Structure formats: C-alpha cells, structure tokens
Amino acid sequence: MDILIEILIYGSIRSITLALMALGFALVYGTSRVPNFAHGALYIINGFIVWSFLRLLGLNYFFSILLAIIVIGVIGALIYQIILIRVRGIAISEIIASYAIGLAILEGLRWGGFKGMTYTLPTFIQGSIFIVGVPVDLHRIVVLICGAALIGFLWLFTHYTRIGLALRGMAQDERAALMLGIDSDRMAVVAMVFGSMLAGLAAVLLLPLGNIVVESGYNVLILAIAVCIVGGLGSWMGAVLAAFLIGFAQILTEVYLGTHFKTVVALLAIIITLILRPSGLFGRQKELEERV
Amino acid sequence: MEIGHRRKERLDRGVKVRTEGLYALMSWRELGYLTMPRLVLIIGMLILPLVMPSMYWQRVISIVCIYALLSLSFDFLAHFVGLVSLGGAFFIGSGGYIAAILNTILGLPPMVSIPISTLLGAVICTLFLFPCLPLRGVYFAIITLMFPLLLGRVIEALDILGGTDGILGVGSFTNSWVEQYFIILMVLFYLFGMRRLVNLDIGLVFRAVMDNDQAVRASGINLTYYKTVAVFIASSMGCLAGGYLAHIYMWAGLSMFALDFSILPIAATVIGGSGTLVGPVLGAFILVPISELLRAFGTLRIVFYALILLAFIVFRSEGIMVYGQRKYQQFEKWVKV
C-alpha cells in the first residue's frame, strides 16, 4: 500500500517535471515546425544565468529569476532571428543548425568551467512534509503546483488571447493563417520566445532539486523529444498526457528494475512510437508527411 | 558597374557534353584536365602516411579516414537516397563491438574480423533500421539519433559486453603500414565505388526515391527493397570504420556510441559540399586535423566545429566542393544586363 502511494505521488511529480521540460519544445515545434534542438542548452544556460545574477551580482532570488527569464527570452528571439529564420522549412538544416547552437552553448559552458558540484540554486521553501506516510520535499510540492498552474495557464492563453489563438492558427494551417493576416515569421519569433521562457521556467523550478550540470542539458533534450513524440509532435495537450505516461513508466521501472533503466524507457518510447505511429498517440495522423 | 546592372555569366568548359559525367576529349591536355583532380586525390592520399612527421599524426590520418567513411555514408544516404541518418555512432558501435567480440573470443586476426564485422554489422544495423524505413524527413533523423543512445544505455544498464569498461584486449594490426594503407585504400575504394554506383541504374532509382517516392512507388518499384539496399551499403561503410577503430584502439566501449560519430560526419559533409561524395571526404580531411590541433583547448574544439557547421549551413550551404567544381569546370565573366 505504502509503495503504491509513493509511486502515485512521485509519479505525478515526475510527470509534471517531464511536462515542464517538454512544453517549450512542443510550443516551438507546434507553431513554427522548427525542432528546436537547442532546447536543453537553453534550459541549462538559464540555470547559470540565475546563478550568476544571484551569486555574482548578489540580486534578490525573485528578481534574478525574473531577469533571467527575460534574458532567456531575448536569447531565444536572437537565435531565431539571426540563425533559424534563414533555414526555416529545410527540415534537416533546422535540426543541424539548432543542434549546433545547443552544442556550442553546452560545450562552451563546459569549457568555461561550469561543471561539478559547486553550482546549485537554493530551493524556494526548505523542509519536507509527510503525505500519508510518504516524505516529500516542499520544493517538489511547489514544482507540482507551479507546473499544473503553468499548464492551465498555457491552455487558457492559447484558447482565449489573440496571440495564443494566432499561434494555434499557425500550428493548424500556416497558409490559412497567413491569409487571415497572421504574420507567420513574427508568430514564429513569439513562439520561440515563449518556448525559451518555458525552458527557462522549467530550469528555475527543477534545478534547485539538484546541481546544475552541463550533461543534463542533453538529457533534458532527449526527455523533451520523447514526451513530444509520444504525445504527437505539435500537439500540446498530447504532450502533457504523454508526460504522465512516460513519467509513471519511468517511476515504475525505477521501482521494479533499477534507476539505470530510466533513460532506456524514454528512448524506447521514442523508437516504438515512431515505428508504430509517427504522429504520436494524440496527434492527428498526417500519413504522407510522415511515412510512405 | 553597380550591382543590378550586371550579372555573372557561366559557360561550361568545352570538354563537357550535354550532361554531368559525359565528356568529349580532343587532346591530351583535356584528358589531363579531367584526370588531374582525381589523380591528385588518389596520389595525395597514398603518400600521406609517408610524409607524416610522427606516429601521432599517422594515427590522426587513420582517424580522418574513419570519419571520411562515415561522412561518405551520411552523404550517400542523405543526398542520394533521401534518408537523413544521424546514426553514425550506431554503425561505428555495432562494427566495433562485433570486431572486438570476434577478436577476443574467437581469436580472429584483424584482416578477418574486420570484413566479417563489416558484413555482420551491416546486416544487424539494417535489421534494426528496417522497421523505420517508411519514416520520412525529421522522423527518420530523430529515430536514427536515438538508436546509438539506446544501445549505449542498454549495455550500461544490463552490464553486458563488458558494461562501462568495454571490451579490453582487442588485438592490433601487426604492421603499422598495413594498418594505414588498409583504411586509405578502403576510403578510395568506397569513394570511387559510390561515385560509380550512384550513376548506375540502381543509383537512378535511389535518387528518384529521394526526389519523389510516391512516383517511384507508382511505377511499380518496391520502395522498401531499394531503401534496404541503400541502408545496407551505407551501414557497411560505418561498420567497417567501427571494426577498424576497435582494432587500432585495441578496445571497444561505450564511447563508440558517442554523438561525435554522428555529428562530425555531418559537419564534414556540410563543409565539404553535400551531394558530391568527394566533398565529405575532403571535409573530414579538413575538420579532423583542425580538431586534433585544438585538442589542447578541451571542449572548446567542439564549440569551434559547431560554429563552423552553423556558419556553413546558414551562409554557405553549398560547401567547398560544389564551389570548387564550379570554378574548375566553368568560365565566369561579368556581362551587362
């Protein structure tokens, strides 16, 4: 009984974590069809930006987070305006270019000496509580609540605001959106800014749970891709559902098989989904675009 | 003259007739003009090991050749069949582990284990990729990127095949000249073999698959068969390189599934000129030595080649070889508009 509750609680936390990691990627891909392989790098670099504001400039924690989110949004916009916009629509060049950006950022950080145990962010609230006999850090509860709130906010945003509706319109049919006066390049920048900010927010929420290490940038990218593919590339709510699927699968394998298999689950999920149903469990089937 | 009032006129040199690869030669000079670039490449590669100053740089040549084979396989799959495979590390890893097992358990010498690992590895890679063949574009790219990661993690998690330590004590080549000339000859063999292959009938079908797979299917040609053949050819190159790598490092381990083997060949292809087959080899000969020279800077060299890759893909996506071919084979002059 105890282990069941533990699986339930930690499974939900893991699922929300995965959803947080993936939302930015899903938003950018869904809107502009650019698979942003620099997503993991944006996540990590935001952690370091917050750390620098906090430790080097000595700013207040809340202000450093706010500033860092703005900075990461600007970085995202610059990446799109300077580089990605030139290769947009050439599927492979998009992947290679964005991956090269991510690689440059991550390995640059590693070269700059950002590695090891020394880089940590403080948790929002110290301490832990017991939920039906299972100990949970308060910070994880904060992650759970913030994550759920963010998903809800995103749903409202994409359904009831002009920009959100424009983003969705572009995701559904870019030409029709163009015809209705939605500037697709501008919307793509907006999507990229929001995507980077979401990556940054995820970093701010999740990094206090451990050290800021460069390697996790790659893991975040893999997990984000896994969630988005299982959920269906371009389907945002599908991504949230897929996050729960993969999150619980990961927790279950961790409990019954050992922690080594955590990433294996995510990778297998990607491969099996792509082979059986490339548009994902919740995506709309676009048969000829995906396979012959 | 200002821009807008003039344009560049390009004329093919006289030897070229109607289409690519068809020439009319009128003199020895024209023959020399045609064969010169090829001879420079072949002779240049053959004397490379002789002019290298030290053992270290001779080893670098071997590594360059490994990357050249991988780049060739990437270029062939991406620009002649339309399957963008980011799984260079998958081929290297399969070939390397098979060669290492054959050598350490069955005791086969390199000259036997490398050919076997080439064929066996290619079969295994093709079997793995077979269910993914119908996927197109981004989807195929992502799935091939995931395979080496998955195999690496599975080996780590299950602790099989030596686990994180890898397979130690793989036998090396007995003679360092054999070691180098073997891989150089293999690069030349595959390079000219592929150039011939893409101009045969089967190469024509490959290109048709890339341009319009629906039309190929409508012509009653079995798409899956041709894609399988192409993947087999490409993965045999990668597995050959992997088996060779296991023997020169005397070790097969998890770092054979590292992303380096997937990314650097792409960078080499983009820089060298995609769709030329010679370009990727040239790109490998430029990138790998630079990356060796920068070894002292640690991971900065990865930043460096990521930035080169970025610059080329955004601003000069044709690559060196396409540019060079144009300059060599065409007259250019400005004409008034």
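Tutor: Let us begin with A:Ser128, which stands opposite A:Asp137 in strand S2 of chain A. This is a predicted model, in which local features need pLDDT of at least 70 and side-chain atom pairs count only at pLDDT 80 or more, while totals for chains, interfaces and linings use all residues. Residues are numbered from 1 along each chain as its sequence is written, and chains are lettered from A and ligands numbered from 1 in the order in which they are written.

Student: How do S1(A) and S2(A) pair, and over how many bridges?

Tutor: S1(A) and S2(A), the latter being residues 134-137, run antiparallel and are joined over 4 bridges. Strands (E, at least two residues) and helices (H or I, at least four) are DSSP runs numbered from the N terminus, and two strands pair if DSSP finds at least two bridges between them.

Student: Which residue in that hairpin takes a positive phi?

Tutor: That is A:Val132, with a phi near 40°, in a hairpin that has 2 residues between the strands.

Student: And A:Ile131, is that one buried, exposed or partly exposed, and why?

Tutor: A:Ile131, which belongs to S1(A), residues 128-131, counts as partly exposed because it has 13 C-beta neighbours inside 10 Å. For such counts the C-beta atoms are placed from the backbone, and a residue is buried with 20 or more others within 10 Å of its own, exposed with 12 or fewer, and partly exposed in between.

Student: What does A:Ile131 touch, leaving aside its neighbours within four places in sequence?

Tutor: A:Ile131 is then in contact with A:Ile9 and A:Val136, where contact means that the C-beta atoms, placed from the backbone, lie within 7 Å. A:Ile9 is 122 residues from A:Ile131 in sequence, yet their C-alpha atoms are 8.7 Å apart.

Student: Changing topic, how many residues does each chain put into the contact between A and B?

Tutor: Chain A and chain B each bring 35 residues to it. On the chain B side, helices H5 (137-158), H8 (213-218) and H12 (300-315) each supply at least two residues, and H5(B) gives the most, with 13 residues.

Student: Last one: how many helices and strands does chain B have, and what share of it is buried?

Tutor: Chain B has 13 helices and 4 strands, and 45% of its 337 residues count as buried. The C-alpha atoms of chain B fill a box of roughly 70 × 55 × 40 Å along the principal axes.

Note on methods. Contact = placed C-beta atoms within 7 Å.
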